Structures are given as structure tokens and as C-alpha cells.
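Please examine the sequence and the three-dimensional structure shown below. The briefing that follows is arranged by topic.

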Amino acid sequence: MTDIVRPTAPPDGMLILFARRFADHRLALASLVVLLALALLAAAAPAAEWLLGVSANSVNLTIRFAPPSLAHPFGTDELGRDLLVRLLYGGRISLAVGIAAALASAVIGTIIGLLAGYYGGKLDALLMRLTDGVIALPLLPLLIVLAAVDLTKIGLPAELARDPDVSLYRMVVIIALVSWTTVARLVRGATLSVREREFVLAAAACGAGPLRIMAVHILPNVVSPIIVATTLSVGNVILLESVLSFLGLGIQPPIASWGNMLTGAQELIWSAPQLVFWPGALIFATVIAFNFLGDGMQDALDPRAITR
Amino acid sequence: MTAPLLSAEGLFKHFPLRGGLFGRRAGKVHALNGIDFAIWPGRTLALVGESGCGKTTAARAVAGLIRPDAGRLLFRGKDVATASGNDRKSARRAMQMVFQDPYGSLNPRLNVNAIVAEPLVIHGIGDGAARRDRVAEVLAQVGIDPRDGERYPHEFSGGQRQRIAIARALAPEPELIIADEPLSALDVSIQSQVLNLLKDIQAARGLAFLFITHDLAVVDYFADEVAVMYLGHIVERAPRAALFAAPRHPYTRTLLAAAPRPGGGKRRPGAVPAGEVPSPIDPPAGCPFHPRCPRAVSACRETMPILSGGDHAFACHNPEPVP
């Protein structure tokens with residue numbers, strides 16, 4: 001066989017290929033840097049506390065609404081707490097809840113979407129009506145009910161139920177339970193089209209079972225919508241968390257999150273705009289950065305994409 | 001003659017057509033209306049016919065992608081259409097399929113090594129190292145450099161992709177390859193390369209082929225036996241030479257006459273059958289070919305002729321005379 005023309009460029013591993021394509025996407029790379037910086041800063045919140053000699057939750061009414069100074073680089077809030085340190089601690093909560101809940105809802109949505117799209121028929125009808133049902137549920141009353149569930153009643157020890165970490169997990173669970181529907185619908189739609197492709201038939205003709213077909217052949221071909229929807233939902237989740245916090249159901253003051261800082265400063269928007277600006281700007285930057293990140297990952301994951 | 005490797009007996013498949021409110025059954029497509037054929041070890045059966053005659057449905061039924069409504073599919077004497085568990089799985093291993101569209105039949109997210117290794121993984125053949133060796137071996141056999149195994153399908157041309165698809169089919173050492181129009185998506189110059197490759201492989205390994213095609217030149221070059229399909233029926237089944245020399249069914253004759261041949265010249269009279277292929281949703285009564293048949297007699301409108309005649313079988317009330 002001498003008539004075979006070999007492609008000229010040397011073959012690359014999947015990861016190298018992915019990294020190089022991703023690096024070509026300038027905005028995505030910048031967004032990744034921004035997000036990593038935010039995460040690092042949030043992780044370094046106790047260090048900032050120590051450096052500035054302030055504590056995130058110590059109230060000092062004599063220095064309410066202080067302008068930026070060396071002791072308080074971003075100034076102080078309505079209770080005289082240091083804004084910078086609270087923003088950093090808030091970033092911990094908001095990023096953790098945002099990413100964890102978005103991932104959890106992506107997993108739920110992907111499983112439901114794959115099952116509905118691959119098996120079709122009655123299972124599809126059942127799962128999609130369930131999805132419609134969740135979408136149709138009035139969100140706020142549901143969230144209030146879920147947030148009000150007494151964890152000691154479902155068998156959690158009392159001291160664990162009052163642990164602030166548990167309220168974090170509870171947020172993640174609640175948000176994941178209501179926000180998987182977008183991913184489920186997208187994955188179902190994509191699965192319906194991929195299922196009919198010949199390589200799925202080829203795998204079936206080989207004797208592959210439904211689990212293998214879904215995991216090896218369908219899932220990798222529907223990651224694009226999953227990634228895009230998940231990165232978009234990180235922003236939504238951060239906002240949802242702020243709504244819940246505003247209603248007194250999410251992260252409870254004095255623990256800071258960007259959401260409850262933003263909503264707590266609502267009535268002060270004219271007198272102390274910086275209290276609204278900083279958490280708002282950080283939420284904005286995070287949401288935008290996640291969107292670009294999703295964009296870049298989508299391009300980089302597609303082996304057919306032309307390298308620029 | 002030895003026992004056939006695979007024999008189909010009375011395969012039926014009707015696809016329901018749903019329409020209107022609440023998915024009411026609006027009718028059905030008669031894709032397979034009881035077809036019989038047999039494939040012997042190391043030999044090639046070509047299934048030919050126009051688009052929509054049920055060739056692909058037949059191939060998919062044999063490959064286990066479609067469960068026939070009725071009929072038996074005997075592989076080495078065991079019915080695989082209704083088998084389950086181990087019998088079914090071992091039959092799947094022994095029968096591999098090559099699809100028409102090499103752009104669609106390879107998963108774009110898997111590299112060539114993973115694609116070719118898949119049947120080995122599914123059937124639990126060998127360990128990691130043995131699989132890698134086997135993949136390199138079959139890739140070399142089909143003329144793909146094993147060093148390109150890390151590449152993805154989009155980096156290859158159509159002909160190369162079809163070679164990869166063939167390598168995948170060869171990997172688990174099958175006894176039968178079902179090829180569903182494996183050439184029709186390729187350039188003419190590539191078609192002959194791939195066809196020669198298939199012929200070389202068959203000669204080297206004694207593989208049997210079920211070859212679905214509408215290209216009679218390919219049939220003449222590659223097939224041992226030929227079955228002509230029309231609207232879900234096999235209308236004529238014969239060794240290649242006999243069929244080309246003396247077609248007995250009028251449909252086969254028009255099909256042969258319509259085929260372009262090198263050297264050109266005028267089409268022979270009667271080359272083009274009159275009218276259109278009837279709809280498989282509402283097939284005509286009697287012989288399905290009678291509305292277009294130049295030799296139709298009154299019996300053709302009433303009763304379906306039965307495929308009979310031993311080696312050279314045909315289903316016709318008024319067959320073409322032997323020249």
C-alpha cells in the first residue's frame with residue numbers, strides 16, 4: 001500500500017491538543033487567570049485578615065462608612081467592618097456554592113437528559129414531564145420550604161445541623177435540585193441527534209451495551225452544551241444564592257457572601273455606592289469570566305475545530 | 001456443499017408509520033417481506049436493488065441492529081435474531097459491519113486506536129498490550145500507518161476513514177463482514193482501492209461478506225452469489241456468472257441493462273423500467289414489480305410468485321427465456 005498519504009503534522013496527545021487550543025483562545029485564557037486569581041485571593045482571606053489586623057466580623061460603629069485608608073483599603077461597611085476582608089470571605093462562599101451547585105446540577109441534568117434522549121418512549125416522556133414540572137414550580141415558595149426543612153427531623157445530629165458548613169451544603173443541594181432542568185433539556189436534545197449517528201449504530205452492531213454507548217459515544221459528543229450551560233449557570237447560581245440570602249434563607253449574616261453583601265447594601269446605594277459596587281463588580285466579573293471560560297473550553301474540546 | 005455460515009429464513013420487518021394526534025398508527029412500511037438467503041464461509045453474497053428496496057434493513061437485521069418481526073437468522077445453525085446473552089454476544093463478535101458513510105461511522109471524539117480497539121474492549125479480547133498489538137496489526141493490514149493511531153478521524157480522508165472502519169471490523173477476527181454500500185460515499189478513484197483491499201482481505205482470511213450495493217460493476221467484480229431485491233422481496237438469487245449471463249426475472253434484466261458499461265454506446269432497449277418504484281407503504285398486490293413489468297401477465301396482478309429454482313432461483317410467473 002504505497003498510495004496512502006499520511007497527514008503531515010505529528011500526532012499530539014489529547015491533553016496537549018486541548019491545552020494548546022485553549023491557550024489560543026485569548027479571552028478564555030484571561031478569564032481563567034482572573035478566576036484563578038479570585039480563587040487564590042479568596043483562599044488567602046485569613047492571611048489578609050492577619051496582615052491588616054482586622055477581623056471580618058468585628059463590628060466597630062465608630063468607623064462606619066470609612067473611606068479607603070491603609071488600615072481598610074476598600075473602606076468599611078455600615079457596621080464598620082472591613083470591606084476588603086469581607087469581600088474575600090464572601091468570595092469563598094460564593095465561588096464554592098456557585099461551582100459546586102453548578103457541577104451538581106450538571107451531573108443530575110446530564111444523567112436525566114442522557115436517559116431520556118437515549119431510551120426515548122415512556123421513560124423520555126416521564127423524565128421530560130418531571131423536568132417541565134420542576135421548571136413550572138414557583139421557585140421562591142419552593143426554596144423557602146426547602147430552606148426551612150429542619151435537618152434534625154431527617155436524622156441529622158443537632159450539633160451538625162447547626163454547623164455553618166451544613167448550611168453551605170444545604171444551599172448547594174437546594175440550588176442543584178431546581179437548576180438541573182436546563183442541562184437536562186439540552187443534553188436530551190443533543191442525545192436525540194447523536195443517537196442517530198452511524199458511529200452509535202456501529203458500536204451497537206459491535207455488541208456494545210447501552211451504558212457503554214451512552215458513556216463512550218454519546219456523552220463525549222454532547223459535552224459542548226453541558227459545558228456552556230454549566231459555566232453560564234455558575235453566574236445564575238451566585239445570583240440565586242444572593243436571592244436566598246436576601247430572604248434570610250441562604251448564607252446567614254454575619255457570614256459574608258457576595259450575594260448577601262449586595263442585598264444588604266441595597267438601601268445604601270445612594271449614600272454608600274461602594275458597598276454595592278464591589279460585590280456587584282465581583283459577581284459580574286466572575287459570571288463573565290466563567291462564560292468566556294466555557295466558550296474557550298467548548299472550542300478546545302472539539303477536535304474538528306480549526307486551530308487558529 | 002458445506003453448511004452455510006449464515007442463513008436468513010423468512011425475515012419480515014414492517015416499520016409502523018405514526019401520524020396525527022396521539023401517534024395513531026397511520027400505516028406501515030413493508031421493508032422486508034419474508035426474505036431468504038444464505039452466505040457460505042469465505043464467499044460473498046451481494047444484495048442489490050434500487051434505493052428503498054430494503055437492502056439496508058436486511059443488513060441491519062443481520063447485524064442485530066433491528067429485530068425482525070418474524071423469521072429466523074441462523075448463524076452456524078443457531079438462531080441469533082432471538083438469542084440473548086452469550087450466544088448473541090459471540091455472534092456479534094463473529095459478524096462485524098462496515099457502514100456506508102465513513103464520515104458518520106467513526107466517533108469524532110475517539111482517536112483511531114480507540115476506535116479500532118472498541119470491539120476488542122466490548123468483547124473482552126486480550127489485555128491492554130495485546131489490544132495495542134492487534135490494533136497496529138489490523139491498521140497495517142488496511143494500509144493505515146499504525147503511527148497515526150493517535151490521530152482523530154477528521155484528520156483523514158474519506159478513503160482512509162473507510163480503511164479505519166474496515167480495520168475496526170477486522171479487529172475481533174470476525175467470520176462475516178456486513179458491508180452496507182461501503183463504496184458509495186467514496187470518490188471513484190478511491191472506490192477501487194477500497195474494493196481491492198476488501199478482496200485482498202477476503203483472500204487472505206477466508207472471510208464471508210454480505211455486500212450491499214447498487215453498483216453492478218462492483219457486484220460483477222466481487223460477488224460469488226447475487227440476490228436481487230425489489231420492494232422487500234428477493235426476486236432473483238443466483239451465482240454471479242449465471243445471473244449476469246442469463247437473468248430470468250424481468251427486473252434483473254432491466255437492472256443489468258440500465259447499468260452503464262465502459263466503452264459507452266447506446267443503452268439497450270428496455271433498459272429503463274417504466275414508471276416509478278411503488279411505495280413500500282402501500283405495495284401493489286401480486287408481484288410487486290407487475291406495474292412496471294414489460295412481461296406482466298394476469299397472474300402477476302393476483303398472486304405473489306414464489307422464489308424457487310434451486311441454485312438459480314427467481315420469483316416470476318413469466319420469466320425471461322434462457323437465451
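A residue is called buried under 20% relative accessible area, exposed over 50%, and partly exposed in between, with a 1.4 Å probe and protein chains only. By this rule B:Arg76 is exposed, since its relative accessible area is 53%. This is a predicted model, in which local features need pLDDT of at least 70 and side-chain atom pairs count only at pLDDT 80 or more, while totals for chains, interfaces and linings use all residues. Residues are numbered from 1 along each chain as its sequence is written, chains are lettered from A and ligands numbered from 1 in the order in which they are written, and side-chain values use heavy atoms, without hydrogens and water.

**Chain A as a whole**

- Chain A contains 14 helices and 0 strands; helices (H or I, at least four residues) and strands (E, at least two) are DSSP runs, numbered from the N terminus.
- Along the principal axes, the C-alpha atoms of chain A fill a box of roughly 85 × 50 × 35 Å.
- Of the 308 residues in chain A, 43% are buried.
- Among contacts (heavy atoms within 4.5 Å) in chain A with a separation of 6 or more, 69% join residues 24 or more positions apart.

**Salt bridges**

- A salt bridge is a side-chain nitrogen of Lys or Arg within 4 Å of a carboxyl oxygen of Asp or Glu, and the whole structure holds 18 of them over all chains.
- B:Glu9 and B:Arg72 form one salt bridge, with the closest N and O atoms 3.1 Å apart.
- Because B:Glu9 lies in strand β1 and B:Arg72 in strand β4 of chain B, this pair ties together parts that are 63 residues apart in sequence.
- B:Glu9 is partly exposed at 31% relative accessible area, and B:Arg72 is partly exposed at 41%.
- B:Arg76 and B:Glu175 meet in another salt bridge, at 2.1 Å from N to O.
- B:Arg76 lies in the loop between β4 and β5 and B:Glu175 in the loop between α5 and β7, so the pair links parts of chain B that are 99 residues apart in sequence.
- B:Glu175 is partly exposed, with a relative accessible area of 27%.

**A buried arginine in chain B**

- B:Arg109 is located in the loop between β6 and α3 of chain B.
- B:Arg109 counts as buried, at 9% relative accessibility.
- The side chain of B:Arg109 reaches the backbone oxygen of A:Pro220 at 3.0 Å.

Technical notes:
Polar contact = N/O pair within 3.5 Å; in protein donor to acceptor, adjacent residues only side chain to side chain.
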